[in-house]
Amino acid sequence: MTRNQVLPTGAQHELAPKGNTPVASGGPHSEVIPIQLKRVPSGRPLRRVESFRLLRPFAEVYYRLSWTTRHTIHVVVNLYVIVYIFLTVPFRIAFYYDPYKNSRDEQSVRQWTEELSAFAVADGIADLMGFFQFLAFYRVWRNTFEKMKSSARSEVVKKPPTDSTSISPTNLFIRSSSFRKRRGKTKWTIATIESHSSMTDGVAESFLAQRKHLFARSVEFVFEIIAILPLELVPLAWGNFNALHLVRVTKLCRLYRLHRYLARIAKIYADRAWVQHLSSSGVDSLVRTIGVCAGLCHWVACGYMLIAHAQCGIDLTACDENVETSWVVRDRLFGASVARKYGRTLYWASRTLVLLGYDDVTPVSNAETIYAVVVTLFGSSLLANFLFLFRFRNARYAAYSAHVDNAREYMRLQNIPRAVRHQVTAYYNYAWSTHHSLDSEEALELMPKHLQSKVVSTLKASRIKQVCFLMKESVEFTNMLALALVRRIYSPEDHIIEPKANAGMFFVIRGKVVIAAFDGSKPNECQEGDFFADMCLLYPEQFDQKAVAKTFCEVYVLAKAKFDEAITQFYRGSEAEVRSRMAETLEKYSMQLHKMKKLLGLRGAHESGSRKSSMGGSSHSLMAEDVHSHDSRCGASWRLPGSSFCMHWNAARLLAIIYVAFEVPYFGVFISMSGKKQIFMIQPELGLRFMLTLLVEGLFGLDLVLRSRFFAYMDPDVMFNVLQPSLIFAAYKKKGFYFDLLAWVPVGLVLDSMSIEIMQGYSTLFRLLRLFRIRWIPSLLQDLSDFYGTSSKVHLVVSLVLGVTLMLHFVGCLWFEMTFLSHEDPNIPLSSVMSNFTESQCLHEATRFQNCSWVKFDCYVHIGTVFPRENPQSMYRASFAYLRSVYWAIVTLTAVGYGDIVAYSTAESYFAALWIFVGGIINFGVVGAMSSTISNVLATHHHHMEKLNTLNTVLERMAISEKLSSDIRRFYHHQFTGRKKTYESELLSHLPDQLCYEISSLLHSDSVKSVALFDSASLEFLKEVTGKFRHRSYQNGETICFEGDSCREFFVLLQGSKINVFSRSRRVPVRALHGGDNYAVAEFLLRRAILCDSHCCLSRACVRHDSRAV
């Protein structure tokens, strides 16, 4: 792009027009404001680096990069400075600043260390970047201050007008176009009225906002001045190098920029899906809370170490090793490295914030105890915030899941075919992924009326303006047409319009539509923002094309009847003239479009020659093939997704993947040992485990062949099955075919069969590649859940249990592996030395020599035994060690904190700190999800009980008789117990029209056959009528209809129902209706009044009714 081009310095500059150039500030009636334009250099970006000749090549490369890349580099560099300050300033003060050093000899104070050299280089880079940040901020602050100053000066000179007659060009900064019109000629609108009435208030509010903005900028400027001060020069001049760590505290004034840089990254990548997901309300709060807790762990750890160093000095020489005056003495950190100190403090900080009650690294002194109490109270508030976020961030998804579960249960009870269920589930998934709701206009309905009108104008009226013969129509007429637009949804392969049978035009909101001739030739594709069938508003009989939905489509439909009604109402008396003018405009537009296509070398109106047409043709042909060749593919039904064979195969794959997920880590940690790790004396052998692994790998090998050549897949956009092997393999490659192939390579099996000890390590490495298959577990669980109709609550519980179980398994294996990261002296007889060890001695050994770990202390001290390497009859075998490891992971995850297994070595401390922090988040996430699931399961029952309690209170207060009260309670009870069987209206309320007709036809086909009026009707008519039937339930004694009411619906009774027909005048039963009978058909057809009352005489009557015109 031209904005990224770099021009040489000596290049010619673009010259802007000189003199007074008129610039319009508004529309055609806007006032002209004279301004003076200046010369603008085209090579401006390189002027800043002209003085640095060495940086010019880098600048040229930098400005050739894309806008996103350049701004990302800029933000990341600035973010590095803030993160560096955030991490290093408390770390240096806590671990390198010695408060006792100033009182010692002068030589120790003036000693320069290697750490200071490393920090000096990093500080110099950060301070240089901070200086450039300050210069950029100073320019912004100066411009803001000057603008505020000039605005204040203008407010003093220019007094606001006292009435409308005093408004003149000298009193306003920018004139509105409507001000120049004569009185009585102005077309007032809500916007202009609001601008006139609130002009003075708006100026005042704007002035106050500017003052607040300037004050905030001034505070930030003070922070920048404090941060830019070179206070390091003072200790350098005095030679007090120890104070260099302390004076860096002023750099923390720049931390206010952290939020700004993160927001800028989100702005740069605002169009990416991951940014939009992280920016949603619940996820955004959750990510912020996790980030705050992670940063807080670091600062809390540094504070805990600072208290200890303030008491004992940085080398702990100020404290007696035999008297526990601080936690560092109890933890035996004498002579410990900075890495170990930080690991132990981080271990304590994560435990305290998560409220995990171990008994190691505990406070001793008063200051440490007070500090621990404060951190614990603060951590409890953060964890409560976690629980709230995890429980309530998915409230919208919980409502969606409840509707989906009820729909699945209803379709299962009504024996709806599995193919139709799959279509319903696919639409629900589409609606959630697109709108995060079942109703895309739900947010519009929640808005106030005045905002709804603005949104409707944006969404609908702007689309009306795209039509050639409606572009120049008035705003009022356009708004009338916009209000007449109706939103409809179509599933893939649904026929939207048929040739010469359409009476309206369509605007594509979302999705793709294929427009073609009746025989499928000359296809064209309409996408989001396009419209078609506009000719039908004027000449519906001349439209000879058909439209088929290629994907899930949402369209606005403007019916011809509504269009004609709007013309009649708005252009009363001149309808023919308006239609003639619109037809002439359409004809001219068509002629111009034909000439343009002819000029571009195109042959016809539908042969555009573009990729859109070719795509439309290929897609349409694929859909036609999928529809018409169904019978020829019946023999390959086992290949189709959702078939019984595929689902059983997926179940076998899921079990095999779970087996691999458990077997690979366990084998690599507890079985495949060599050298000093061989403490259990286990030799891999060709036993049951090897044969089961061989069988599983054989299954995955066959799965590679089937899924790359034979198993069809459903295209998520067009919702049809793809059976061509080349397309199947291409789709599988995009989903990770090479990862699965790499996981299947049988190198690990070959090395397992070789009894060579040196090969065991390589076998474990190749076995780890099999863990790539774990990525298939969520999709397999979802497919099996859809196939068996499992509710979302059960699916969530199974997913959580399986995910947490796998996580505990992995953590347990890694926790045991941390043991072997310590050093062990093979010459020391462990059984004789460690059997009498105490926890303090183990910590001392871990600090000095890194040769004491939790496994050794647990085996020799807690259990009181030895490893099988020393005694083959020992109970501390691999399986027992695995259970102890998983036991620690579970105790840590649930925050029980028995304290019998704790971290000793440095590696164990870091790993324990990480798992405690992550486990705390998982724990409260699982608790929040489970509590939300349980509350959703019981919500309906709780609401029913609350309704009954309220009803009982009202009935008792109003002194209703016991018989009537019992009838009322029975009514609500039957309504609650039969809610699943009467879910039809809720199910069909959100589905596409044609899918509603299909489900309704399946449900009410028997009811239509019982109506004698429809015996001679055509199949198309019966299909249309059946789609309009709805299910309704009545209870004993309930009135269905009254005598004399206008008949707008007729009824068909289901089996087991009974209705009595009474005459209101005689109050005697006239007729009794049973299951299979119909009532009020003749009255409905003739639109007459109902002759008799109808009452239900059973405990319940279920009827089908049609409330629409037949």
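These legends walk through a few close-up views of one predicted protein model.

**View 1. The whole chain at a glance.** Residues are numbered from 1 along each chain as its sequence is written. Because this is a predicted model, local features need pLDDT of at least 70 and side-chain atom pairs count only at pLDDT 80 or more, while totals for chains, interfaces and linings use all residues; side-chain values use heavy atoms, with hydrogens and water left out. The pLDDT is the predictor's confidence in each residue, from 0 to 100. Its average over the protein is 75, and 72% of the residues score at least 70. One stretch to treat with care is residues 158–202, where the pLDDT is below 50; beyond near neighbours in sequence, this stretch has 35 contacts in the model, a contact being heavy atoms within 4.5 Å. Another is residues 602–635, also with pLDDT below 50, and here the model shows 44 contacts beyond near neighbours in sequence. The protein has 40 helices and 20 strands. These are DSSP runs numbered from the N terminus: helices are H or I with at least four residues, strands are E with at least two. Of the 1110 residues, 41% are buried; buried means under 20% relative accessible area, exposed over 50%, and partly exposed in between (1.4 Å probe, protein chains only). Among contacts between residues at least 6 apart in sequence, 74% join residues at least 24 apart.

**View 2. Arg248 and the residues around it.** Look for Arg248 in the loop between α8 (244–247) and α9 (257–268). Is Arg248 buried or exposed? Its relative accessibility is 3%, so Arg248 counts as buried. The Arg248 side chain makes a polar contact with the side chain of Glu232, at 2.9 Å. (A polar contact is a pair of N or O atoms within 3.5 Å; within protein, one must be able to donate a hydrogen and the other to accept it, and residues adjacent in sequence count only if both atoms are side-chain atoms.) Leaving aside residues up to four places away in sequence, Arg248 touches Tyr84, Val89, Arg92, Asp123, Asp127 and Glu232.

View 3. Helix α13 covers residues 338–353, and its end C-alpha atoms are 22 Å apart. That agrees with the 22 Å its 16 residues should span at 1.5 Å a residue, where the expected span is 1.5 Å times one less than the number of residues. Of those 16 residues, 14 are buried. Just after α13 comes Leu355, with a positive phi of about 65 degrees.

**View 4. An open sheet of 4 strands.** Follow the order β3-β10-β5-β8 across this antiparallel sheet. At its edges sit β3 (486–490) and β8 (531–532), each pairing on one side only. Two strands pair if DSSP finds at least two bridges between them; β3 and β10 (residues 553–559) have 5 bridges, in the antiparallel sense. Within this view, Arg487 stands opposite Tyr556 in β10.

**View 5. Strand β15 and its partner.** Side chains in a regular strand alternate between the two faces of the sheet. In β15 (residues 1050–1053), Phe1050 and Val1052 point one way, Phe1051 and Leu1053 point the other way, and all are buried. Strand β18 (residues 1078–1079) runs antiparallel to β15, joined by 2 bridges. Here Val1052 stands opposite Asn1078 in β18.

View 6. How many disulfides does the model have? The count comes to 2, taking a disulfide as a pair of cysteine sulfur atoms within 2.5 Å. One joins Cys312 to Cys319, S to S 1.8 Å, and this link is left-handed, with -80 degrees about the S-S bond. Cys312 is buried at 0% relative accessible area, and Cys319 counts as buried at 11%. Cys842 and Cys852 form another, their sulfur atoms 1.8 Å apart. The torsion about that S-S bond is about -100 degrees, so the disulfide is left-handed. Cys842 lies in helix α32 (residues 839–848) and Cys852 in the loop between α32 and α33 (854–863). Both ends are buried: Cys842 has a relative accessible area of 0% and Cys852 of 1%.
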